[in-house]
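Let's take a walk through a protein model together. Have a look at the sequence and the 3D view, and then we'll go piece by piece.

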Amino acid sequence: MKRDPIRLMEVCGTHTMAIAQAGIKKVLPVGITLLSGPGCPVCVTAARDIDRALAIGRQRDVIMTTFGDMMRVPGSGGTFQDLKKEGYDIRVVYSCLDALEIARRHPRKEVVFMGVGFETTSPTIAATVRRARKEGVRNFSVLSCFKLIFPALEALLVSDAARIDGFICPGHVSVITGSRPYESIVRRFGKPCVITGFEPSDILKGIGTLIRAHCARRPRVVIEYKRAVRPEGNRRARALLDTVFEATTAEWRGLGVLKKSGLAFRRAFRDFDAVRRWPVRVPASRMPAGCLCGQVLCGVKTPTDCRLFGKKCTPEHPVGPCMVSSEGTCAAFYRYGR
Amino acid sequence: MVREGRTRGERITLAHGNGGRLMHALVDRLAAHFTNPILEERADAAEVRVGGARLAFTTDSYVVDPLFFPGGDIGSLAVFGTVNDLAMKGARPLFLSLGLICEEGLPMLLLDRVARSIKKAARRAGVRIVTGDIKVVEKGAAQKLFINTSGIGPITYAGRLGVRAHPGDVLLINGGIAEHGMAIFQARNKMGFLADIKSDCAPLDGAVRRCLARSKRIHFLRDVTRGGLATTLNEIVRVSAVGVEIREKDIPVRPAVKKMCDVLGFDPLYLPSEGRFVCCVDGRDGGSVKAAMGPRARVIGRVVGGHRGEVHLLTRVGVGRLLPMLEQDQLPRIC
């Protein structure tokens with residue numbers, strides 16, 4: 001019996017890595033395709049945001065801090081690593097709390113944290129900002145490039161360029177959000193969603209559940225990651241997020257400008273907003289010629305469709321963010337796909 | 001020959017020191033200046049002949065940060081690291097040199113603490129520190145304390161180790177991987193909640209001697225250090241012109257280490273060890289050598305004649321894929 005092909009998207013970069021690492025694509029039956037989605041925080045950060053961060057990093061007395069993955073992501077005019085080589089003070093931190101600690105230790109400097117990430121990361125940033133306010137740390141600010149994942153999933157389904165039949169939903173994000181926000185995807189678009197863990201067996205089970213829901217034409221939300229995710233999510237973390245940030249329009253690489261898809265500081269916390277504190281001029285951003293990262297992270301193209309992949313663009317000399325990030329689709333293909 | 005024009009403007013990056021592909025390229029580039037048959041072997045230690053004696057000779061520098069970490073410190077590392085390089089040649093480590101580079105301002109008490117650790121480690125490994133040197137550099141010119149040790153010892157094993165692995169060999173490892181890397185990571189980031197992960201830093205000469213006593217068909221030994229097991233296996237296929245096949249499910253990783261790797265998004269195959277070694281031994285002697293390697297030793301795969309120069313990994317879901325050398329250092333994932 002001939003079946004229609006099924007196209008499933010793993011939203012999260014950690015899933016992309018786990019799938020590549022275990023070689024899961026090679027054991028799937030013909031006709032089932034896994035697409036990588038916009039769930040790698042470094043990859044979806046718009047070139048303009050990186051350019052703004054680079055411009056702030058060049059200001060006098062600024063110590064720029066960010067996650068290690070961001071160091072090598074090219075903006076229009078170089079990377080943080082280039083800035084560091086030029087003598088600017090750019091530091092890698094493993095959490096925003098480390099950046100706050102640097103601010104405490106260097107009261108005469110201005111410490112800026114460039115933050116990227118989804119609902120998993122942003123509550124910890126909110127907690128740090130709240131602590132900074134409580135302790136009266138004034139030389140600390142955050143450049144918020146945080147994103148909300150659901151507007152991106154809806155945008156993918158509205159455009160339907162990737163022809164997605166179901167989502168393998170991000171496990172860590174769902175710990176915070178719970179499963180309820182996925183209900184609207186099921187209702188509006190009729191696509192099944194499964195929240196699953198990161199072990200190969202978790203992922204395979206999730207894929208099985210999606211295929212069954214798709215074939216039975218009974219789309220629904222299933223939690224296959226019950227050891228970590230509850231339907232209601234983590235209310236405390238969301239409340240914390242909500243006191244510091246509010247949803248705002250944000251630009252995504254590949255997806256463009258999406259309403260209510262980013263996080264901006266609420267009025268009470270706007271003293272910590274690096275955009276307000278550093279009104280730098282950001283020239284129009286340029287994308288590297290030939291780079292398909294934007295289409296790759298929407299599931300429209302695969303890394304091997306890109307002419308730069310493995311030639312001009314390698315982990316050693318990355319052109320686009322999907323090759324830089326440890327969760328990027330191109331990095332996963334390069335490291336494990338051969 | 002080294003073509004300097006091609007790389008004008010290129011600079012040393014941290015990836016040139018991570019033990020992976022770039023570091024090997026750099027070693028090739030430098031070794032081209034000094035080419036000789038002993039160096040060409042690219043073993044953990046050089047085999048030199050002095051009079052009638054076969055000696056193993058090696059050197060290594062230690063720049064670990066922080067200086068103290070769960071399971072060890074820069075002092076014990078500097079002794080065991082060099083002892084292990086000699087052991088991989090089937091040598092009996094006897095004498096070490098000790099070179100210290102101290103940053104101005106280093107507390108004297110801290111140096112005493114490191115010296116006591118060196119003494120204890122040397123006693124455990126049965127080596128003596130017979131010569132040394134101290135340099136002090138201005139604050140900022142080094143990070144607290146760097147140590148270099150060189151070591152020498154007679155090769156007691158009659159065969160020639162470290163020349164090449166043979167098709168038909170089984171691959172053995174003497175315990176769980178990635179423990180040193182994870183211990184350093186947690187110490188560096190002051191992650192106090194992971195008290196049960198310790199560095200595996202330990203001398204291997206005893207285990208190696210036991211193995212060599214059991215079998216005359218051990219073809220290759222290499223300790224797993226920077227770049228992790230994946231890189232060590234790639235070194236083996238590179239010098240031996242063979243292929244290697246390993247099974248993911250047979251590679252020992254302690255549950256606490258595995259859990260932390262999952263949390264941080266690290267692949268344990270690329271995290272360093274300091275007390276683990278891989279042994280390639282003829283399949284017929286696999287069982288007895290495994291017993292000699294210790295209670296946590298495992299068979300992780302085999303050496304094959306096909307796909308020369310490549311390491312193939314059979315994943316948990318039963319798919320084969322290429323296991324390349326480390327490229328860039330791993331970074332914790334963001335979400």
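Two residues are in contact if their C-beta atoms, placed from the backbone, lie within 7 Å. Helices are DSSP runs of H or I with at least four residues, numbered from the N terminus. The model is predicted, so local features need pLDDT of at least 70 and side-chain atom pairs count only at pLDDT 80 or more, while totals for chains, interfaces and linings use all residues. Residues are numbered from 1 along each chain as its sequence is written, and chains are lettered from A and ligands numbered from 1 in the order in which they are written.

Start with a pair of helices in chain B, α3 (residues 74-87) and α4 (residues 108-125). Their axes (lines fitted to C-alpha atoms over the stretch in contact, with angles from 0 to 180 degrees between N-to-C directions) come within 7 Å and cross at roughly 30°. Angles under 35 degrees count as roughly parallel and those over 145 as roughly antiparallel, so α3(B) and α4(B) are roughly parallel to each other. Where they meet, α3(B) brings residues including I74(B), F80(B) and V83(B), and α4(B) brings residues including V114(B), I118(B) and A125(B). By class, this contact has 10 nonpolar, three polar and no charged residues (Ala, Val, Leu, Ile, Met, Phe, Trp, Tyr, Cys and Pro count as nonpolar, Asp, Glu, Lys and Arg as charged, and the others, Gly among them, as polar).

Now zoom in on L77(B), which also lies in α3(B). Is L77(B) buried or exposed? A residue is buried if 20 or more other C-beta atoms lie within 10 Å of its own, exposed if 12 or fewer, and partly exposed in between. L77(B) has 26 within that distance, so it is buried. Leaving aside neighbours within four places in sequence, L77(B) is in contact with Y62(B), V64(B), G72(B), C201(B) and E274(B).

Just after α8(B), G265(B) takes a positive phi of about 80°.

Another pair is α6(B) (residues 205-214) and α9(B) (residues 286-293), which pack at about 155° with their axes 8 Å apart. That makes α6(B) roughly antiparallel to α9(B).

Finally, zoom out: 21 residues of chain B are in contact with 31 residues of chain A.

Technical notes. Helices (H or I, at least four residues) and strands (E, at least two) are DSSP runs, numbered from the N terminus. Angles under 35 degrees count as roughly parallel, over 145 as roughly antiparallel, 65 to 115 as roughly perpendicular and the rest as oblique.
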